[in-house]
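I opened this notebook page to record a few look-ups in one structure. The entries follow the order in which I made them.

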Amino acid sequence: MLSSLLSRWSAATVVLLALLGLSPVPAKAADEAPAQRLDDSCGWTEPNGNTAYPETHARYFRLALPRNNRTRGLRLRIDGVYLASRYFSYQLYGGAFDAIDALADYQIQPNPGSQSPLAGITRIDPAVRPGGQYTVYVVFADKPARPAPNTLYAGDLRLPLGRNYLFLRAYLSTGLVPLPRIRYQQDDGSPAPDGLFERSACNDSAPPASLNDGGPDGSKGSEAPAAGAKAAPAGAGLLAGSTGRDIRFEVYQPRRALGSGVVYNQNAGFMSAKIERRDELVLVRFRAPSVPGRRGAVVPDVRYWSLCQNRHLLQTVIACVADRDAAIDASGYFHAVVGDLAGRPLGADAQHGFSYLPSAGLLDNGLLIVRQLLALPDFPGAINAVPADADPQTVLGDYNPQATSCPRAVFSARIRAGDRAAQIFAACRAAR
């Protein structure tokens with residue numbers, strides 16, 4: 001496993017990798033919140049791996065759930081609080097890392113006397129402070145046609161013995177991340193018997209927690225747009241047609257087979273584009289979805305979005321631009337510059353209308369990943385609504401990410417000329 005190899009590398013190797021631009025650990029968000037452990041019995045873990053394209057603005061916590069004859073008729077009770085995060089969720093996976101069930105934060109009902117700050121799929125109520133209490137259950141049974149509130153279903157215990165894995169994801173967290181208290185109990189709420197399983201059954205042998213999001217190993221899958229969905233906007237004239245400089249983004253369609261090993265985020269949609277040229281800049285442009293707390297949207301389009309630069313074969317993340325930090329122009333478009341081997345060019349900054357991401361370095365191709373979390377069902381730019389056989393441009397319109405390679409001389413000349421970001425994108429795209 002890549003993460004276990006990384007953990008055994010010597011300090012000299014880490015220094016060498018850093019010189020080559022291949023750091024084995026992910027970049028950390030400036031406001032990363034420490035975790036607060038509340039329970040150590042088969043407890044939560046937060047491995048420090050950088051593989052399978054993790055997101056630098058997210059925290060990932062994992063809990064191993066043994067399955068054996070002694071857990072039949074029991075349930076796992078999870079007592080937690082609503083986090084001071086843009087988004088959090090519980091997601092359940094099988095022993096082969098196949099997705100089983102998920103509860104997003106807005107789907108979790110509060111305990112009596114508490115309030116949830118989540119007012120819908122994409123809305124966060126500023127009048128309700130985080131910290132309200134809730135109770136969630138994991139039941140070892142098949143999911144019924146009408147699931148119980150606040151309940152995840154792990155499947156019937158007649159299936160092969162082994163373990164499940166429960167993941168807690170938290171994006172853009174502030175302050176402490178109070179980890180939930182966990183305990184097994186009978187279905188009627190009475191305490192579980194002592195000696196439920198050997199301590200060795202708790203050993204967490206899952207892949208690194210960063211596998212949970214999985215970059216292109218991460219979308220909810222392709223679903224046709226809901227009936228009555230808003231029509232996608234027409235593509236901007238600037239982006240019409242194609243050139244030899246175009247770098248195409250593709251929608252990730254998750255592998256659904258048992259044992260896929262991707263541990264993908266069931267609340268997300270993903271698009272990715274590979275960067276094979278290292279001697280030129282890459283520019284990215286798309287209409288930015290609205291998010292909570294930005295641009296004054298009454299009902300935001302998505303809960304969260306980001307653009308990340310990764311290394312394709314190593315599956316490591318280099319840096320991400322979160323929606324709150326993105327350079328968005330007066331027309332609502334996001335623009336980013338991805339560096340070449342010469343580094344960051346003058347003008348690749350917010351003052352000139354660009355966010356910036358570093359190059360992937362010399363030894364690996366870059367992989368750009370656009371993430372969306374919890375898109376509204378009728379949002380025309382929802383990545384997870386693009387059918388498997390559809391051209392994303394025809395479905396997403398202006399929200400479809402566009403990328404073009406750009407000679408450094410062209411970029412520098414247009415910066416000196418005082419062009420706007422959209423004009424620079426067009427000039428790079430037309431360069432010979």
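Below are my notes on a sheet, a loop residue and a surface patch.

Entry 1, the model. I am working with a predicted model.

Entry 2, the sheet. I looked up the strand order and found an open sheet of five strands, β12-β13-β19-β15-β16, with antiparallel pairing. The edge strands are β12 and β16 (317-322), and each of them pairs on one side only. I then checked β13 against β19 (residues 366-375): the two pair in the antiparallel sense over eight bridges. Within β19, Leu368 is the residue that stands opposite Ala273.

Where does Asn267 sit? I found Asn267 in the loop between β12 (250-251) and β13 (268-275). Is Asn267 buried or exposed? Its relative accessible area is 11%, so I list Asn267 as buried, the cut-off being under 20%. I also looked up its neighbours, leaving out residues up to four places away in sequence: Asn267 touches Tyr87, Ser89, Gln91, Ala104, Gln372, Leu373 and Leu374. With Gln91 I noted a polar contact between the two side chains, at 3.4 Å.

I looked for nonpolar surface and noted a patch of about 310 Å², made by Leu341, Leu362 and Leu363. I followed up Leu363, which lies in the loop between β18 (355-357) and β19. Leu363 counts as exposed because its relative accessibility is 53%, and the cut-off for exposed is over 50%.

How values were computed
Residues are numbered from 1 along each chain as its sequence is written. This is a predicted model: local features need pLDDT of at least 70, side-chain atom pairs count only at pLDDT 80 or more; totals for chains, interfaces and linings use all residues. Side-chain values use heavy atoms; hydrogens and water are left out. Helices (H or I, at least four residues) and strands (E, at least two) are DSSP runs, numbered from the N terminus. Buried means under 20% relative accessible area, exposed over 50%, partly exposed in between (1.4 Å probe, protein chains only). A polar contact is a pair of N or O atoms within 3.5 Å; within protein, one must be able to donate a hydrogen and the other to accept it, and residues adjacent in sequence count only if both atoms are side-chain atoms. Contact means heavy atoms within 4.5 Å. Two strands pair if DSSP finds at least two bridges between them. Patches are made of residues with over 30% relative accessible area and no salt bridge: like charges are joined within 9 Å, nonpolar side chains (Val, Leu, Ile, Met, Phe, Trp, Tyr) within 5 Å. Accessible areas come from the Shrake-Rupley method with a 1.4 Å probe; for residues, only the protein chains shown count as cover. A salt bridge is a side-chain nitrogen of Lys or Arg within 4 Å of a carboxyl oxygen of Asp or Glu.
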